[in-house]
Structures are given as C-alpha cells and as structure tokens.
Amino acid sequence: MIAAYENSKWEPVKWENDMHCAVKIQDKNQWRRGQIIRMVTDTLVEVLLYDVGVELVVNVDCLRKLQENLKTMGRLSLECSLVDIRPAGGSDKWTATACDCLSLYLTGAVATIILQVGREENNTTWPLPVKIFCRDEKGEHVDVSKYLIKKGLALRERRINKLDNSHSLSEKSLKVPLEQEDSVVINCIKTNFDPDKKAADIISENKVSDLQDKILEPRTTRCYKPPAIPNMKVFEATVSCVGDDGTIFVLPKLSEFELIKMTNEIQSNLKCLGLLEPYFWKKGEACAVRGSDTLWYRGKVMEVVGGTVRVQYLDHGFTEKIPQCHLYPILLYPDIPQFCIPCQLHNTTPVGNVWQPDAIEVLQQLLSKREVEVHIMKPRSDYDKKYEEKQWEIRLEELLLSETETPLLPPYLSSSLPPPGELCAVQVKHVVSPNEVCICLDAVEQHRDTDDSGVSGESESESLDEALQRVNTKVETLPPLTDFRTEMPCLAEYDDGLWYRAKIVSIKEFNPLSILVQFVDYGSTAKLTLNRLCQIPSHLMRYPARAIKVFLAGFKPPLRDLRETRIPYCPKWSMEALWAMIDCLQGRQLYAASMAPAPEQIVTLYDNEQHPVHMPLVEMGLADKDE
C-alpha cells in the first residue's frame with residue numbers, strides 16, 4: 001500500500017456508496033484498504049477500513065482509487081458476533097456503554113475464539129457466530145458474554161432447542177493470520193455439532209423435555225391485595241403519577257409512613273435472590289421489581305414483549321418497560337394491601353371517550369407530586385374485583401386560583417440593528433457556530449435605539465439590569481410557572497444562581513418534567529426543571545429582548561477540511577474553527593454593519609481597527625472567504 005500510494009496525488013473522483021478505495025490515515029501516515037459507507041458532505045466521507053474493522057470519517061483528499069491487484073486479496077479481519085446474548089434495556093441495539101466496555105476489554109487483548117458453526121449449517125454465516133474467552137486481571141479465562149451479562153449490559157438469549165451438546169464436540173485448529181497493530185490476536189477452535197449421534201440426540205431430547213416440564217408446568221397467578229380505602233368521605237393524599245389512560249394514582253397521607261417503613265424493610269431483607277432459571281411471565285402476575293435506583297419494589301406484570309416486561313410499581317402507580325432480569329417471581333409482604341389508590345375524575349369524560357396525549361400532559365403538569373384533597377363520590381360494591389374502575393373526584397380549586405394561573409403575555413419586544421451601512425457597537429453574548437452568533441447592542445446604542453423608536457427599552461427611572469436585580473431579591477414570592485406553551489415568557493434561574501428573562505422553547509422530558517428555555521437577553525439555552533422557572537413580572541416585559549441572532553458575512557466553511565473533530569449539531573464546521581472564533585470574539589469591543597434586514601439578519605463584524613474579525617480563521621485555513 002505504501003509503495004503504491006506514497007507519492008500519489010489527489011484526483012477528483014465521484015465517490016459513491018460501497019466503492020472500494022485506498023485511505024490515508026493522517027496521524028499514522030499509513031494507507032489502508034477501505035470501502036465507502038456513505039457521503040457525509042461534499043468533502044467528508046464515512047469509510048470502513050475492512051482489514052482492521054474500523055469506521056471513520058475522512059476528507060476526500062485522503063482517498064484514492066483502489067488498484068485492481070489490491071482487490072484480489074481477501075479481507076484480513078473477521079467480523080464476529082457473540083452468540084447467546086442480546087442487548088439489555090429492551091432494545092435490539094447495543095448501547096454505547098456496552099460497546100465501550102467491549103472495546104476496552106478486548107482491544108489489543110489475546111483471546112480464544114470458538115466458532116459456533118454446525119456441520120449442517122452454512123459455514124459462511126456472516127458475521128461469524130462465536131464465543132470469546134480472554135484472561136482477566138487474575139489470569140483466569142473469562143467468557144466475554146458472561147462478563148457483559150454480569151455487568152448488566154447484556155441479557156442471555158434463550159435457545160431451548162439448541163442446547164449445548166458439549167459431549168459431541170470435536171476440536172480442530174484453525175489458523176488465522178492477523179498481524180495488524182490494533183487487532184485482537186486469537187486462537188480459533190471450530191466447533192462441529194454432530195446431530196447424527198443417537199446418544200447425543202437422546203441426551204438433548206431429555207434435556208429439552210426436562211426444561212420444558214419445569215418451565216411450562218401450570219401455576220396459579222398470585223396477586224397482591226387491593227388498596228385499602230380510608231374510612232372517610234374526604235381524605236388528603238399526594239398524587240404519585242397520572243397514567244396514560246387518565247387514571248390518577250394517589251397515596252393517602254396517613255399511609256406515607258407505613259410505605260416508607262415497608263420499603264426500608266424490603267431493602268434490608270432482600271439482599272440477594274440469586275440467578276433466576278428460565279421463567280415465562282404471565283400478564284397480571286405479581287412480582288418483585290428492581291428499579292433503576294437499584295431498590296426493590298412490589299410490582300405486577302402488565303405486558304410481556306419479547307425479552308422485556310412492562311411492569312407497574314403497585315405502591316407508586318408508575319409503569320415501566322424493563323428487562324426480565326430485573327424481575328423476581330415472589331410476593332413481598334403479601335398481607336399488606338397496596339398503598340397507591342387508582343382514581344378517576346368524577347363526571348369527567350375525555351373528548352372522543354379516549355384521553356389524548358395533550359390532555360394527559362396537562363394532568364401530569366397539574367397534579368404530579370401535588371398534595372390534593374380527595375372526595376369519594378361513588379363507592380362501588382364490587383371494588384375488590386375491579387378496583388381499577390373506581391371513580392373519584394379530586395378537588396382542584398386551589399390549583400386553579402387566579403394567583404396560580406400564568407397570565408397570557410405578549411412576546412418580548414425585539415431589538416433592532418441600525419440601517420445597512422451604519423456601524424454600531426455590539427457585544428457577542430453567545431456563539432452557536434463560527435458564522436452564527438447572538439449579539440446585543442452596547443448601552444449607548446440601546447439608548448439611541450429607544451429614542452428613535454419611542455419604545456421604552458431602558459426606562460429613564462430604572463434600567464433592565466436594575467429591575468432584574470430588584471426582582472432577584474424577592475424571587476421567592478413570585479408564583480410558579482404553570483403554562484408551558486412555546487414562546488411563553490418567564491424567569492429562569494441560570495447556573496450562577498441568579499434569575500434572568502427567558503422564554504419556553506419546548507418540553508424536553510416528562511418524568512421528571514424538564515423544560516428547554518432560551519435566555520432572551522443572551523441567546524443561550526438551558527434545560528431546567530420546574531423549580532428553576534417562575535412567572536415573569538409584567539413590568540419586565542416592557543424592555544426589548546437584548547439578544548439578536550445574526551449570521552456573519554464574509555466567510556464560509558472550508559471546501560477541504562482535514563480536521564476530524566466536527567461540531568455535532570453543525571458538522572460543516574470543525575471544533576477547532578469554533579474555538580478560534582470564540583478567541584476572536586471574547587472580551588473585545590466589536591462593531592457590526594448590517595448587510596441584510598430581518599428576519600434573517602446578516603452582518604459583518606469588525607474590531608477596533610475596522611478589520612473583519614473572521615480574517616484569522618481564513619488565514620489559519622479554518623474558513624474560506626465568501627465573496
């Protein structure tokens with residue numbers, strides 16, 4: 001490869017998917033055979049180095065046409081897959097954590113690989129089904145599959161009809177020359193399953209029969225006692241969650257101490273349950289559930305989906321889809337009734353008789369973790385059989401008082417730049433990419449803009465900074481935000497502990513509820529929980545939003561960029577270009593000249609000496625001039 005391509009020159013080639021090529025590895029000054037996976041951009045290509053099994057993104061400058069004589073030799077790496085395991089977490093895709101763990105454990109290691117290929121099966125199965133063994137820090141041979149299962153990164157794949165006929169294994173050495181510097185050095189043993197031996201068939205059939213007898217034997221479905229209803233028409237409770245079907249789960253205040261006591265006892269008594277034999281879960285079956293917080297809870301199987309189970313935490317109401325290895329078929333404190341009571345709103349029917357996602361979202365925002373007063377409206381005599389259908393009325397008057405409602409406010413006023421051709425002093429507050437930033441006018445320019453427009457952007461009696469400073473001294477008295485529609489003005493707490501003007505961008509998560517907001521005077525965004533948001537006082541709305549989003553003129557991403565580290569949300573720019581631009585902008589007095597009016601404002605930024613600030617990027621090759 002070195003002799004063929006060391007002195008080669010780049011020539012324009014129209015690269016397409018699956019084309020073979022020669023790839024130059026810049027940091028190692030090596031040439032490797034590769035295959036195009038996809039075109040990322042006009043200048044960036046994702047390739048597979050199939051002799052070492054590595055995928056990477058390179059610039060087209062690093063590619064050459066692969067000579068025909070170099071295509072005749074087969075691939076020097078073998079693509080393998082571990083058998084009898086599958087990803088944990090209910091997905092069919094391996095997590096990044098599992099891949100990183102496997103890479104850390106195997107890269108550069110000396111391993112023994114056993115091919116799991118039957119004599120009557122197709123020996124060209126790709127990737128090769130294998131078992132991998134390598135030595136751990138104690139020098140003992142470890143099955144990598146079992147190691148991943150032990151770490152909770154994989155689950156065992158059940159193969160009832162393919163039991164291990166280890167008594168009929170014949171071993172034959174298979175030499176695989178792999179001398180790449182980063183490859184795994186392996187010893188391979190080919191395993192042939194011999195189905196023709198009658199003894200093996202008999203033993204295998206007996207094993208399957210015994211296993212099926214254990215798994216499929218009839219069993220009764222046990223369950224926990226239904227919740228005990230307080231002997232009163234009205235009681236106080238805490239809403240633990242709201243289900244997708246509109247069911248509201250409440251925990252009576254009188255039962256909270258008992259629940260905490262039982263939960264602590266469960267953790268003390270349930271240290272280790274051992275490994276569970278193959279077990280087929282049934283819908284409605286009671287169980288013990290190990291939650292994501294590693295604590296054990298009482299649960300019930302709601303649905304079985306492949307290797308995962310959707311369970312309900314009976315004492316809290318939540319439902320969750322988890323791997324089967326986190327369940328155990330035992331009853332915890334079966335004599336104690338469930339603590340969480342399912343309720344429905346009295347005389348309330350959803351539109352179309354089905355609760356829509358937006359209605360459920362409103363209920364979750366309004367009720368979750370709130371203390372409420374529950375009025376029992378229609379007790380049912382058949383509660384012990386169908387307690388889920390119990391109907392309740394939850395009094396929400398206190399939640400709907402005028403002081404807890406978020407008033408519908410108009411959007412923030414916008415700051416404006418001077419007409420095209422005029423220079424104005426600005427400060428850069430936030431950098432999105434090298435050619436997309438948020439700027440704000442200097443105080444003098446803001447005052448001039450206020451005089452020209454007649455809008456009181458900075459009040460003569462009190463500036464925005466002074467008004468915010470005064471609000472921060474009494475922020476505890478401000479009502480919480482209860483309206484989360486897009487563009488909703490609010491006050492948000494920044495990392496420095498102070499509160500600034502912001503607006504809602506979107507809802508990012510529901511459990512717990514977290515909101516993506518943008519600080520309108522700076523342009524930056526943050527994902528915040530509800531306790532860091534509150535309603536904005538109306539007098540702060542008269543100040544225009546200071547941050548102005550602009551695009552910078554005069555430069556563009558380089559046509560040929562060999563740097564591999566890209567901005568994840570803007571891959572046409574390298575991270576090096578982003579940091580260089582931040583260095584050019586940070587802490588400097590800048591001037592902006594508008595090139596195009598709103599809504600997509602394009603400006604050129606200049607320094608004190610009237611030089612475009614982007615010129616250092618062009619000189620360093622991090623950007624090209626854009627005429």
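# Exercises on a predicted model

The side chains of Glu436 and Lys549 form a salt bridge, 3.1 Å from N to O. A salt bridge here is a side-chain nitrogen of Lys or Arg within 4 Å of a carboxyl oxygen of Asp or Glu. This is a predicted model, where local features need pLDDT of at least 70, side-chain atom pairs count only at pLDDT 80 or more, and totals for chains, interfaces and linings use all residues. Residues are numbered from 1 along each chain as its sequence is written, and side-chain values use heavy atoms, with hydrogens and water left out.

## Exercise 1

Solution. Step one: find the elements. Helices (H or I, at least four residues) and strands (E, at least two) are DSSP runs, numbered from the N terminus. Step two: check accessibility. Buried means under 20% relative accessible area, exposed over 50%, and partly exposed in between (1.4 Å probe, protein chains only).

## Exercise 2

Describe the strands that pair with E25, and the burial of its residues.

Solution. Step one: find the pairings. Two strands pair if DSSP finds at least two bridges between them. E24 and E25 run antiparallel, joined by six bridges. They form a hairpin with two residues between them. Val426 has Leu441 as its bridge partner in E25. E25 and E31 also run antiparallel, with four bridges. There, Cys438 stands opposite Lys549.

Step two: sort the side chains. In a regular strand, side chains alternate between the two faces of the sheet. Glu436, Cys438 and Cys440 point one way from E25, while Val437, Ile439 and Leu441 point the other way. Six of the six residues of E25 are buried.

## Exercise 3

Find the largest nonpolar core and the elements that build it.

Solution. Step one: apply the rule. A nonpolar core is a set of buried Ala, Val, Leu, Ile, Met, Phe, Trp, Tyr and Cys residues joined through side-chain atoms within 4.5 Å. The largest has 28 residues, and Leu605 and Leu617 have the most contacts inside it. Step two: list contributors. Elements giving two or more residues include strands E24, E25 and E31 and helix H9 (575-585). H9 gives the largest share, six residues.

Step three: look around Leu605. Contact means heavy atoms within 4.5 Å. Beyond neighbours within four places in sequence, the contacts of Leu605 include Val426, Leu552, Leu585 and Pro612.

## Exercise 4

Which residues of helix H2 are buried, and which are exposed?

Solution. Step one: locate the buried side. In H2 (residues 96-106), Ala98, Cys101, Tyr105 and Leu106 are buried. They lie on the same side of H2 because they cover an arc of only 110 degrees around the axis, taken from the directions from the helix axis to the C-beta atoms. Step two: turn to the other side. There, Ala96, Asp100 and Leu104 are exposed. Step three: find the cover. Strand E9 (128-135), strand E10 (141-143) and helix H3 (144-150) are among what covers the buried residues. Step four: look just after the helix. Gly108 has a positive phi of about 80 degrees.
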